[in-house]
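I opened the notebook to look up a few things in this structure. The entries follow in the order I made them.

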Amino acid sequence: MKRRIIALMLAAILVVVLFGCGNNSSIKGTKWEFTGAEYQGMNLSKEQMNTFGTLEFSENNVVNMYYDYDQNGMGQYTVDDNKVTIMDYNTGEEMTGTIDGKKMTFEYQGIKLFFEKE
């Protein structure tokens, strides 16, 4: 009986260690494309803004940020449930967004930025 209890406890610990330490695996190795923005109630597509951008989340918790196809930034990211936080290496600024399925939204200086998983 003691062996069974110990085995169950070890199995529970492994589950917590393997799957419970953050939720970064949900976006690790993924690429998200900028689809548009909202400002003061106005929705603007990337075509209307003539702007293209992507976020690439690497395996080592580094995010590469591309704007108009050039790499313009790099940062560290963390994920906690449906919240993703990016800390830009260049500016030191943090930006927190939400993940809802294949959609990611950030709010920065009153502007909502929308991304979609590729």
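How many nonpolar, polar and charged residues are in the lining of the largest pocket? I found 13 nonpolar, 6 polar and 3 charged residues there. In this count Ala, Val, Leu, Ile, Met, Phe, Trp, Tyr, Cys and Pro are nonpolar, Asp, Glu, Lys and Arg are charged, and the others, Gly among them, are polar.

Before going on I noted that the model is predicted, that local features need pLDDT of at least 70 and side-chain atom pairs pLDDT 80 or more, and that totals for chains, interfaces and linings use all residues. Numbering runs from 1 along each chain as its sequence is written, and side-chain values use heavy atoms, with hydrogens and water left out.

**Entry: the pocket**

I read a volume of about 580 Å³ for the largest pocket. A pocket here is an open set of points on a 1 Å grid over the protein atoms alone, where a 1.4 Å probe fits, with protein on both sides within 12 Å along at least five of seven lines; lining residues have an atom within 4 Å of a point. The volume is the space filled by probe spheres set on the points, which are joined across faces, edges and corners. Of the 22 lining residues, Met65, Tyr67, Met95, Leu113 and Phe115 are the closest to the centre. Two or more lining residues come from each of β3, β4 (62–67), β5 (70–80), β6 (83–88), β7 (94–100), β8 and β9. Strands (E, at least two residues) and helices (H or I, at least four) are DSSP runs numbered from the N terminus.

**Entry: salt bridges**

I listed 3 salt bridges, each a side-chain nitrogen of Lys or Arg within 4 Å of a carboxyl oxygen of Asp or Glu.

Glutamate 56 and lysine 31 meet at 3.6 Å, N to O. Glutamate 56 is in strand β3 (residues 53–57) and lysine 31 in strand β1 (residues 30–39), so this pair ties together parts 25 residues apart in sequence.

Glutamate 33 and lysine 46 have their closest N and O atoms 2.0 Å apart. Glutamate 33 belongs to strand β1 and lysine 46 to helix α2 (residues 46–49), so the parts tied together are 13 residues apart in sequence. I noted lysine 46 as buried, at 13% relative accessible area, and glutamate 33 as partly exposed, at 25%. Buried means under 20%, exposed over 50%, and partly exposed in between (1.4 Å probe, protein chains only).

For lysine 103 and glutamate 116 the closest N and O atoms are 3.0 Å apart. This pair links strand β8 (residues 103–108) with strand β9 (residues 111–117), the two residues being 13 apart. Lysine 103 is partly exposed at 49%, and glutamate 116 is partly exposed at 35%.

**Entry: aspartate 88**

I found aspartate 88 in strand β6. Aspartate 88 is buried and has no salt bridge, and the nearest side chain of opposite charge, lysine 31, is 18 Å away. The side chain of aspartate 88 does reach the backbone nitrogen of asparagine 90, at 2.7 Å.

**Entry: positive phi**

Most residues other than glycine have a negative phi. Asparagine 50 has a phi near 55°, and asparagine 61 a positive phi of about 65°. Asparagine 50 is in the loop between α2 and β3 and is exposed, at 58%. Asparagine 61 is in the loop between β3 and β4 and is buried, at 18%.

Key:
Lys, Arg positive; Asp, Glu negative; His and termini not counted. Polar contact = N/O pair within 3.5 Å; in protein donor to acceptor, adjacent residues only side chain to side chain.
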